[in-house]
Amino acid sequence: MAKVTVRYWAAAKAAAGVAEEPHDADTLADALGAVRAQHPGELVRVLQRCSFLVDGDPVGTRGHETVRLTEGGTVEVLPPFAGG
């Protein structure tokens, strides 16, 4: 499994209670499953509205189980942003 850093922004950061944390995961789905297990409260609800970047690339509509993670990589958790 790859060791990755999951970084939380805005409402996701508030719900997680941390700005970032390490996880071991092969895919984005695995990483998000670990995040949900570690933070079973509000963050689970926030994740439903989030978009994700993996090593700076948008995940978009790809299935999370198809998005492979690399050793030392980064997953950015981005809730919808307000403003204009």
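Modeller: This is a predicted model. In it, the side chains of His39 and Glu21 are joined by a polar contact of 3.0 Å.

Biologist: Where does His39 lie?

Modeller: His39 sits in the loop between α2 and α3.

Biologist: And is His39 buried or exposed?

Modeller: His39 is buried, because its relative accessible area is 12% and the cut-off for buried is under 20%.

Biologist: What does His39 touch, leaving out residues up to four places away in sequence?

Modeller: Tyr8, Ala16, Glu21 and Val44.

Biologist: Tyr8, then. Which residues touch the most other members of the largest nonpolar core?

Modeller: Tyr8, Leu28, Leu43, Phe52 and Val77, in a core of 22 residues. At least two core residues come from each of β1 (2-8), α1 (10-16), α2 (28-38), α3 (42-47), β3 (51-54) and β5 (74-78).

Biologist: What about Val77, what does it touch?

Modeller: Beyond residues up to four places away in sequence, Val77 touches Val6, Arg7, Tyr8, Trp9, Ala12, Leu47, Cys50, Ser51 and Phe52.

Biologist: Switching to the whole chain: what pattern does it follow along the sequence?

Modeller: β-α-β-α-α-β-β-β, with three helices and five strands in total.

Biologist: How does the radius of gyration compare with a compact globule?

Modeller: The chain has 12 Å, which agrees with the value near 12 Å for a compact globule of 84 residues. The C-alpha trace spans about 35 × 25 × 20 Å along its principal axes.

Biologist: How much of the chain counts as buried?

Modeller: 37% of the 84 residues.

Key:
Residues are numbered from 1 along each chain as its sequence is written. This is a predicted model: local features need pLDDT of at least 70, side-chain atom pairs count only at pLDDT 80 or more; totals for chains, interfaces and linings use all residues. Side-chain values use heavy atoms; hydrogens and water are left out. A nonpolar core is a set of buried Ala, Val, Leu, Ile, Met, Phe, Trp, Tyr and Cys residues joined through side-chain atoms within 4.5 Å. Buried means under 20% relative accessible area, exposed over 50%, partly exposed in between (1.4 Å probe, protein chains only). Helices (H or I, at least four residues) and strands (E, at least two) are DSSP runs, numbered from the N terminus. Contact means heavy atoms within 4.5 Å. A polar contact is a pair of N or O atoms within 3.5 Å; within protein, one must be able to donate a hydrogen and the other to accept it, and residues adjacent in sequence count only if both atoms are side-chain atoms. The radius of gyration is taken over C-alpha atoms; the globule rule is 2.2 Å times the number of residues to the power 0.38.
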